[in-house]
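Thanks for coming. I have one structure to go through today, so please look at the screen while I talk.

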Amino acid sequence: MRFSVKLATSILTAFAFVSVYGQAEQMIGQPAPLFELKDTRGNVHSLDQLRGNYIVLHFAATWCPFCNAEAPNLEELYQKYRDKNVRVFIVDVREDAALVKKSLEHFQFSFPVLLDEDGTVSAKYAPDGVQPALNRYEVPIASNLIIDNDGKIRFYSLLNTASFDAKLTKLNQKLDELLNVAH
Amino acid sequence: MLLLYFIVLLHSLPGPRQMSSDTIVKVVAPGVSAHAGKDAVVNVSVLVKKGYHIQAHKVNDEFIIPTSLDIVENNIIITGKQAFPAGKKFKIEGSENYLLVYDGEFKITIPFKVQEEIPKGKYTLQAKLHYQACDDKTCFAPKTINFDIGVQVI
């Protein structure tokens, strides 16, 4: 009986993971929605102008505990791949620039933090049908994406608090895979 | 006779429980009686929907939004230091970090003193509960629930 309960729990957990992950899968291979956003220093970054690079995007908010938990690992990832044609950006969603700068001082990011002040860009990256109860701009918060050198989404991990990948293991693996193929 | 008993009982109560909620959190604030110039306490119950958790009052990261309660400034009572329960540890997979959270039901105790010069009668205090919730899939933007606390000055 206990075994059956454990088995059922495992199947349900696996199904939930596949289901959440699968929902973002619909965007894999699709052209990444274009954006042009200012960073916290006022520099403008346009996805169109970044074509030719591999882009890692992390949607975040300062209040998001899971974003903060993975933040040091994102800096580590940036340092690991910065000389391999990989650009890393955090897109902060609908927050005051002063608060974002305070967070930036805390985490000491070496890469730009972009300000999606009205959540328009974040909403464009929300997969259809995922978390319908949420505002569309909230859906991608804590997600990680890889956009390839041709502007297509190659990796999209929506937040899954129950099996969170703070160390960004899957993101690193996918980057390695893409870069190995590219070279 | 029974009806009379209930009418008397109803009038002797400090006031109705106030309930406010959104889709994740429900706040229940009982009416409370107190004498002018004397100390009293109100216990506010917070119910977090099954499957969700909210950040505790005491958090271990300066950017996390803790659960907090504000009573809107008024000339009826002076509030003391609120007491929140300790949070439960919530491990973040793949990280050394853990969150301190509340789930299920918990109480916030608010000691207060009614101002000396307040006449007897029923008063309504406005209050706000601030929280930030997550479930097993995602986290939600910080929210505030407005609710009332009924105070009967006797």
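Along its sequence, chain B runs α-β-β-β-β-β-β-β-β-β-β-β-β-β. That comes to one helix and 13 strands. Please keep in mind that this is a predicted model.

How much of chain B counts as buried? Of its 154 residues, 27% do. On contacts, take those in chain B between residues at least 6 apart in sequence: 67% of them join residues at least 24 apart.

Next, the contact of chain A with chain B. Chain A puts in 22 residues and chain B puts in 20 residues. Which element of chain A gives the most to that side? Helix 2, residues 65-81, does, with four residues. By type, the side of chain A that touches chain B has twelve nonpolar residues, seven polar and three charged.

Let me stay with helix 2 of chain A. This helix has 17 residues, and from first C-alpha to last it reaches 25 Å.

Where is the kink in helix 2 of chain A? It lies at Ala71(A), shortly before the proline Pro72(A), and it is about 40°.

As for burial, the buried residues of helix 2 in chain A include the run Pro65(A), Phe66(A), Cys67(A), Asn68(A), Ala69(A), Glu70(A) and Ala71(A). Leu74(A) and Leu77(A) are buried too.

How values were computed
Residues numbered from 1 in each chain as written. Chains lettered and ligands numbered in written order. Predicted model: local features only at pLDDT ≥ 70, side-chain atom pairs only at ≥ 80, totals over all residues. Contact = placed C-beta atoms within 7 Å. Helix = DSSP H or I, 4+ residues; strand = E, 2+ residues; numbered from the N terminus. Nonpolar A, V, L, I, M, F, W, Y, C, P; charged D, E, K, R; others polar. Buried ≥ 20, exposed ≤ 12 C-beta atoms within 10 Å, placed from the backbone. Expected span 1.5 Å × (residues − 1). Bend = angle between axes of the 7 residues up to and from the residue.
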